[in-house]
Amino acid sequence: MQHRVRIFSGSSNPLLAESICEMLGAELGSVTLSRFKSGEIYVNYEESIRNCDVFIVQSLSHPINELFVELLVMIDAAKRASARTINIVMPYYGYARQERKSAPREPISAKMVADVLTTAGASRVITIDLHAPAIQGFFNIPVDHLTALDLISEHLKTLNLPNPVIVSPDAGRAKTAEKLANHLDYPFAIMFKKRPAHNESVITHVIGDVHGRTPIIIEDIIDSGNTIVNVVESLKERGASPAIICATHGLFSGDGLKRMAHPHIQNVVVTNSIAIQDPPPEWLKVLSVAPILSTAVRIILEGGSLANLFRDAGV
């Protein structure tokens, strides 16, 4: 494998890239990433990648715009160095929440990101738990949409929670929450909310029995944490016990991480699709997606089926 594959990391999550390489028995490639005084990004691959299958690990987390441009420059450098394929390992796909127009004169930024990645020279995108699975259709190159749902469900099995109930915080996550409930054989509840502004929400209805139960709230992204806090407080008003929060991507923008230290939240479970401060708080459990991503890379290189990794990813 090492003769024809090179794995490099952008600035977003080098520890995840190292874990992927360790599981593949490969070395993380050497690349210089620096900034000119003007803020422009410089990239130089310090080894030959001619006719190689290049994998670039980069999540579009904070600062998203800088990391996005850095990724584009890395793609361009790899293309001009005659890489055979350029595969983007993007555990967290930024701008995914702007996948449709909900008001006049708005952009569809998720589509723009797909177009720019393809035009820059990406051959394939590997990602985890897109906010909207339909984003796969924005690409004219292969997209491997993996899921961390099995990883999260296996962790939940170890907690032995009293009277658990899977809770979808909105209608958009109902399908995922129902799959998790069926997999764990737990009851299921769904909440409905309205959004008066970005990163703000108001709970209007709860369907399902949550009184005296331990809610397991399943989300794809925790951003500012405002929505989660509103959900938790609404469940508390309806007699629920302190909640478990599960999400694939822990953005924790601004004071989002501090906001999760809520008296009615037992603990929070996220993955390392986005780099988390080290050490994390005691109540924050970080699961590694390196096994999922390394398996996907190996199958892509050696051939085989990714069907098991697609399970419950909305495909």
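Student: How far is the sulfur of Cys52 from the closest cysteine sulfur, and which residue holds that one?

Tutor: Keep in mind that we're looking at a predicted model. For a disulfide, you check whether two cysteine sulfur atoms lie within 2.5 Å. Here the closest cysteine sulfur to that of Cys52 belongs to Cys21, and it sits 13 Å away, which is too far for a bond.

Student: How many disulfides turn up in the whole structure?

Tutor: The search comes back with 0 disulfides.

Student: Is Cys52 buried or exposed?

Tutor: For that you look at relative accessible area, and anything under 20% is called buried. Cys52 has 5%, so it's buried. Cys246 is buried as well, at 0% relative accessibility.

Student: On to charges. Why would two side chains pair up at all?

Tutor: Side chains of opposite charge can do so when their charged atoms come close. In this model there are 13 salt bridges.

Student: Which residue does Arg4 meet in a salt bridge?

Tutor: Its partner is Asp53, with 3.3 Å from N to O. The two come from distant parts of the chain, 49 residues apart: Arg4 is in the segment before strand E1 (5-9), while Asp53 belongs to strand E4 (residues 53-57).

Student: What other salt bridge does Asp53 form, with Arg84, and how far apart are the closest N and O atoms?

Tutor: Those atoms are 2.8 Å apart in the Arg84 to Asp53 bridge. Again, distant parts of the chain are linked: Arg84 sits in the loop between helix H2 (64-80) and strand E5 (85-90), 31 residues from Asp53 in strand E4.

Student: Where in the chain do Arg97 and Asp223 lie?

Tutor: First the contact: their side chains form a salt bridge at 2.9 Å, N to O. Arg97 is in the loop between E5 and helix H3 (109-120), and Asp223 is in the loop between strand E11 (214-222) and helix H6 (226-237), so this pair ties together parts that are 126 residues apart in sequence. Arg97 counts as partly exposed at 38% relative accessibility, and Asp223 as buried at 13%.

Student: Which residues do salt bridges with shared partners join into one network?

Tutor: That network is made up of Arg4, Asp53 and Arg84.

How values were computed:
Residues are numbered from 1 along each chain as its sequence is written. This is a predicted model: local features need pLDDT of at least 70, side-chain atom pairs count only at pLDDT 80 or more; totals for chains, interfaces and linings use all residues. Side-chain values use heavy atoms; hydrogens and water are left out. Buried means under 20% relative accessible area, exposed over 50%, partly exposed in between (1.4 Å probe, protein chains only). A salt bridge is a side-chain nitrogen of Lys or Arg within 4 Å of a carboxyl oxygen of Asp or Glu. Helices (H or I, at least four residues) and strands (E, at least two) are DSSP runs, numbered from the N terminus.
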